[in-house]
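This briefing goes through a structure topic by topic. Please look at the sequence and the 3D view before reading the points.

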Amino acid sequence: MATEVVLPRLGLTQEEGTILRWLKPEGSRVGKGEPLFEVMTDKATLEVEAPASGVVLKILVAEGGTVPVATPIALIGEPGDAVTDVPVPAPPPPSGGPPPTEAARVAGAAAAGDAPRGRASEGRIRISPRARAIAESQRIDVRTLVGTGPDGRIIERDVQQAVAARAAGAVQPAGVDSTAASAAPQPVSTPPARQIPSHAAAHMRGIIARRMLESLRTTAQLTLTTEVDMEETVRLRNEVGPELERRERVHVTYTDLIVRAAAVALREHQAINARWEGEGVHRLPEIHIGVAVALEEGLVVPVVRHADRASIPQISAAIRDLSERARGMRLRPDEMAGHTFTVTNLGMFDVDAFTPVLNLPEAAMLGVGRLHRRPVAAGDRAEIHTTMVLSLTFDHRVVDGAPAAQFLQRLKHILEHPYLLLLP
Amino acid sequence: MSQPTMPAAPAAAVGTRTLTYAEALNEALREEMRRDPRVFVMGEDVAVWGGGGIFGVTKGLVEEFGPQRVRDTPISEEASAALAVGAAVAGARPVAEFMYADFMGLAMEPIVNQAAKIRYMFGGKARVPAVFRAQEGAGRGNAAQHSQSLEAWFCHIPGLKVVTPSTPADAKGLLLSAIRDDNPVVFLEHKVLYATKGPVPAGDYVVPLGVARRAREGQHATFVGIHTMVHKALAAAEALAGEGIELEIIDPRTLVPFDLDAVVTSVRKTGRLVVGHEAYERCGIGAEIIAQVAGAAFDALDAPPVRVCGRNVPVPYNARLEAAALPQTEDIAAAIRQVVA
């Protein structure tokens with residue numbers, strides 16, 4: 001009896017994945033635990049191991065194909081095992097389209113076999129029947145909605161909100177779907193090796209598009225800015241950096257110092273380290289800071305765990321490791337989850353200040369502008385100092401303007417007195 | 001027993017008094033016995049001892065109607081139920097009382113295999129217009145063998161109607177309908193409700209079987225419950241109203257036939273359903289109600305329906321444990337908050 005290889009769920013939010021590369025071609029022998037294929041999820045590219053030993057009897061999803069979690073994608077067995085009764089899985093239906101036909105549903109159930117049926121349902125969008133019915137009648141694409149019900153379920157009010165937003169001219173009807181192109185698998189004649197298939201990049205773009213829109217549509221976010229005198233932080237880095245480089249082989253960046261400063265400030269301003277859940281504010285006991293990393297394909301945000309408990313060299317090492325692996329698309333999904341605050345830096349592009357878009361579900365995000373030397377008033381004289389603008393976006397549902405400003409003020413104070421960063 | 005004769009035409013309902021639930025039942029029995037000579041009452045201690053059953057529902061009846069129509073029976077529930085079935089087939093309209101619903105286990109053969117089946121198996125040539133009355137429920141420290149709510153047993157059996165009044169007016173109006181029904185009716189009262197008071201129309205006040213009552217109007221969630229749960233839900237609704245949650249409460253009043261339309265209409269409005277009963281949660285009537293609503297109005301549900309029921313344990317004697325085993329007002333409020341979250 002052949003063993004079915006199904007597309008695994010590799011992250012909490014993963015609903016589908018794209019097969020980038022089969023590492024064992026059809027007909028080759030594979031041992032249980034050996035890498036079998038590469039899959040691109042909504043957040044990362046991963047190698048997946050063979051669930052059983054045997055011969056790869058049949059590959060059901062070609063390289064480049066995108067299928068829902070738990071879909072059978074290959075069969076492993078011994079030559080002679082029957083393989084003919086497994087139909088090739090159907091691609092996921094384009095969002096906003098009609099519900100799957102009966103034939104497609106039957107085929108899907110057959111393809112899923114006995115056990116994987118339940119697992120397939122885990123990949124579904126969590127939505128109440130009532131919300132789904134209203135969304136269908138109103139032609140709202142449920143994949144663009146953020147659930148505010150228990151466990152993030154989309155409920156009636158979420159659909160009604162989208163209906164109201166569309167009435168206000170904010171949203172296109174569901175018929176115009178930016179992610180539809182990524183849903184249809186495209187045949188790939190030659191393996192793309194390390195290259196990310198263009199449709200997979202489009203898929204990632206679709207996910208980013210959806211999340212950004214969700215963030216702006218479902219929160220009350222606004223941005224505060226403040227200018228920080230970075231003279232002391234520059235001095236600290238110039239004096240401590242080379243020592244750390246020599247002794248610990250870590251290269252301390254300004255981002256590292258700002259992440260450390262934000263973690264220290266968050267510990268003192270717990271109202272910022274929070275999220276909106278259902279009908280109230282939920283303060284988070286731990287501080288995990290996401291660091292935005294720009295890739296050609298789009299943005300990823302790996303997370304520095306317990307950033308408030310980490311020393312500057314530890315933070316530097318963690319950020320360097322995470323961002324290097326992010327550039328190779330080698331992050332695990334769990335390394336991009338659980339953030340309670342995010343830092344994003346556009347200073348290298350000469351941006352002074354900007355309005356970061358909240359990285360849901362967190363309640364605040366810090367944008368870092370460029371460091372530059374400019375004249376500042378020192379008493380009655382003008383002096384040349386290195387300054388930087390910090391932009392704090394926060395969700396006004398979770399925290400009011402004054403406490404958000406106090407947090408930003410504290411952050412400014414720490415960076416202007418950076419020896420505070422050395423305290424445990 | 002004398003040969004039954006035909007009943008008189010019902011008198012019109014006139015005026016309203018405040019009666020207890022027990023007094024309302026008593027009034028229904030008395031008025032129907034006056035009107036219809038085929039009606040008689042039987043059961044343990046219904047006539048002589050203690051003055052009309054342990055809760056006084058048949059109080060004074062033996063004095064007015066005599067021992068032939070108000071008959072004490074031995075402690076033999078099976079014989080009592082079988083006698084009622086035979087009398088009903090022969091043309092009488094017996095109202096057989098069981099002291100505790102828990103004891104009806106002894107009478108299941110005549111109720112389930114005879115009363116519920118005879119009309120069907122004789123092709124309609126025989127009918128069983130019997131009422132099997134009992135009280136169920138907990139809250140009086142009567143312990144595991146005298147506190148159960150067993151309505152689901154009877155709802156399971158085709159051929160039986162099942163009635164569960166929660167107010168004095170419904171107790172009277174539904175008992176009149178039950179006695180006049182040509183089919184066997186299991187009429188389940190609640191021991192804690194006997195002393196509760198409410199307005200009861202005088203005269204011939206009939207509440208049809210299969211018509212629910214909306215006990216409270218609201219738009220945020222629907223609660224369906226019977227017996228004490230209606231009252232606990234009303235108390236919970238007061239607390240919830242302070243939080244901006246308006247609870248709609250539906251008392252189905254009869255479980256068979258069940259007024260699904262009333263529940264579905266409410267759920268279509270609110271999108272949320274909580275079902276409550278004192279009976280054990282497992283395989284209780286709540287599961288049936290939720291299944292029926294899910295089948296009829298799946299696309300109206302905005303949250304998974306929730307049950308607030310008795311725990312799946314024998315009802316404890318200890319007062320604190322008994323309270324913990326029963327669904328309370330706060331449990332209902334918590335369930336409502338959960339579904340509207």
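The model is predicted. In chain B, an open sheet of seven strands has mixed pairing, and 11 residues of chain A are in contact with eight residues of chain B.

**Contact between the chains**
- On the chain A side, 11 residues are in contact with eight residues of chain B.
- Helix α3 of chain A, residues 129-138, gives the most to this side, with four residues.
- The side of chain A that touches chain B has five nonpolar, three polar and three charged residues.

**The seven-stranded sheet of chain B**
- The strand order is β3-β2-β4-β5-β7-β6-β12.
- Strands β3 (70-72) and β12 (254-256) of chain B stand at the edges with a single partner strand each, so one side of each has no neighbour in the sheet.
- On average, neighbouring strands of this sheet are turned by 20° against each other, direction ignored.
- Strands β4 (residues 93-98) and β5 (residues 131-136) of chain B pair in the parallel sense over four bridges.
- B:Phe98 has B:Ala134 in β5(B) as its bridge partner.
- Helix α7 of chain B, residues 168-180, lies across strands including β2, β4 and β5 of chain B, and runs at about 160° to β7(B).

**Strands β13 and β14 of chain B**
- Strand β13 (residues 273-280) of chain B pairs with β14(B) in the parallel sense over five bridges.
- B:Val275 stands opposite B:Arg307 in β14(B).
- From β13(B) the chain passes through helix α10 (residues 285-297) of chain B to β14(B), in a right-handed β-α-β crossover.
- Four of the five residues of β14(B), residues 306-310, are buried.

Terms used. Residues numbered from 1 in each chain as written. Chains lettered and ligands numbered in written order. Predicted model: local features only at pLDDT ≥ 70, side-chain atom pairs only at ≥ 80, totals over all residues. Contact = placed C-beta atoms within 7 Å. Helix = DSSP H or I, 4+ residues; strand = E, 2+ residues; numbered from the N terminus. Nonpolar A, V, L, I, M, F, W, Y, C, P; charged D, E, K, R; others polar. Buried ≥ 20, exposed ≤ 12 C-beta atoms within 10 Å, placed from the backbone. Pairing = 2+ DSSP bridges. Right-handed = clockwise from strand over helix to strand, strands pointing away. Axes fitted to C-alpha atoms, helices over the stretch in contact; angles between N-to-C directions.
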